[in-house]
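Please examine the sequence and the model shown below before reading on. The paragraphs that follow lead through selected features one at a time.

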Amino acid sequence: MKNFKKVISVVMALAMIVCSFTAVSASDFADVADTAAYAEAVEVLGALGIVNGVEQENGTFNFEPEKSVTRAEAATMIVGALNMADAAAAGTSQFADVNSQAAWAAGFVNVGVAQGFIAGYDANTFGPLDNVTYAQMCVMLTKITGYGEYAQAYGGWPTGYTTMAATAGINTGVAVAQDAALTKGQVAMMIWNALQAPMLGVETYAINGNEYKPLDGTDGKFKTLFSEKFDGYVATMTIMKTPASDDNLDNDEVNVKVVKADWWPLEKAKYPSKDLEDGKVPNMDVNLAEGVDVNSNLLHTGKAVYLLDEDEEITIVYFAPTGRTASKELAADTYYLQKDLHADKQYTADNLKIRFGSSYYKFEDTITVYVNGVDAATIKAGETTKLDNILG
């Protein structure tokens with residue numbers, strides 16, 4: 001897979017330069033709770049090799065989300081977000097203090113300078129060990145997403161950049177003062193926001209200056225750093241089958257139904273919103289990145305972050321249910337509604353998905369009710385039961 005080869009190169013480059021850090025899935029970070037505001041960002045960026053964990057004496061890994069981030073570390077992560085870590089060859093920086101205080105970061109700083117998002121305090125001073133501030137992060141991230149020119153027009157440093165960061169959604173979830181030192185969790189959130197922000201494209205060409213608009217898919221054009229650098233996208237999906245519920249799936253596969261997407265890059269649908277609503281995207285088997293466990297989310301709908309390869313194969317790197325659905329799965333031959341006026345009407349229910357409400361059901365055959373792929377109860381033939389009592 002093209003994109004995973006890129007990701008692996010990112011991880012390898014970081015591992016060679018910062019040998020005390022090891023790339024792991026965010027779900028493996030002992031100090032990152034699933035409910036933390038930065039959990040999604042950490043898990044996705046961890047899968048991409050942009051952020052890393054620190055191995056502890058007991059063999060676990062910590063992300064250290066409350067630790068302050070230095071300017072050198074921030075530069076390294078942003079270069080990773082551009083998928084350019086393999087271009088950060090060891091060398092000498094134009095900033096003397098980088099060479100003397102953080103030589104390991106020289107290659108990343110050089111890439112940042114070349115890409116135009118890094119500037120020093122002066123020609124010789126970068127301050128690699130200084131804590132990166134919110135305003136500084138806004139400057140770097142607005143520049144890599146293409147909003148830097150507009151930030152200058154809105155007043156430049158620092159208000160213009162913080163204003164545009166808010167406009168592009170880069171600061172979502174991070175509300176601090178302009179000169180506040182950022183934590184690792186906050187930096188991860190801002191980078192993940194920047195990766196998802198629609199980039200700008202020319203709408204009207206003019207002699208006195210072109211007019212730009214966000215490429216958010218509304219006019220058939222879509223582009224983010226995530227799509228551009230990783231061929232990565234976000235969609236709402238329902239987990240239809242898992243390895244635990246279907247023997248035909250490999251351990252690293254899952255069957256999904258695409259419910260909604262701001263942009264759908266596959267040829268299975270021309271344009272997302274209408275085609276997805278019309279059901280023109282069939283259920284499909286997709287790959288799971290290492291560490292992504294969806295067995296507990298059978299028939300649940302949630303946010304899926306995925307990468308696409310040159311063969312149009314999807315690999316989900318993150319999935320989180322957005323809410324528990326009322327749809328469950330039955331394994332039975334026949335059943336009918338006790339309250340149904342047409343009580344003689346029977347339904348084939350071989351793994352049929354139905355929606356449970358307050359109705360009572362009577363089953364002609366002994367069945368097992370499965371909740372999220374796990375046996376919940378067995379109902380004997382002829383019994384009448386309210387399924388909500390079983391499903392809680």
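**Salt bridges, a helix and a strand**

At 39% relative accessibility, D219 counts as partly exposed, because that term covers the range between buried (under 20% relative accessible area) and exposed (over 50%), computed with a 1.4 Å probe on protein chains only. The model is predicted, and local features need pLDDT of at least 70, side-chain atom pairs count only at pLDDT 80 or more, and totals for chains, interfaces and linings use all residues. Residues are numbered from 1 along each chain as its sequence is written, and side-chain values use heavy atoms, with hydrogens and water left out.

The side chain of D219 meets that of K213 in a salt bridge, with 3.9 Å from N to O. A salt bridge is a side-chain nitrogen of Lys or Arg within 4 Å of a carboxyl oxygen of Asp or Glu. K213 is also partly exposed, since its relative accessible area is 22%.

How many salt bridges does a search of the whole structure find? The search finds four. One of them joins E64 and K67, whose closest N and O atoms are 3.8 Å apart. E64 has 26% relative accessibility and therefore counts as partly exposed; K67, at 41%, is likewise partly exposed.

A further salt bridge links K241 with D246, and here the closest N and O atoms lie 3.5 Å apart.

Attention now turns to a helix. Helices (H or I, at least four residues) and strands (E, at least two) are DSSP runs, numbered from the N terminus. Helix α8 spans residues 159-168, and its buried residues are G160, Y161, T162, M164, A165 and A168. An α-helix has 3.6 residues a turn, so residues three or four places apart point the same way. What covers the buried residues of α8? The cover includes α6 (134-144) and α7 (148-153), where contact means heavy atoms within 4.5 Å. After α8 comes G169, which has a positive phi, near 85°.

The last stop is strand β9, which runs over residues 301-308 and contains T301. T301 counts as buried because its relative accessibility is 17%. The side chain of T301 joins that of T238 through a polar contact of 2.7 Å. A polar contact is a pair of N or O atoms within 3.5 Å; within protein, one must be able to donate a hydrogen and the other to accept it, and residues adjacent in sequence count only if both atoms are side-chain atoms.
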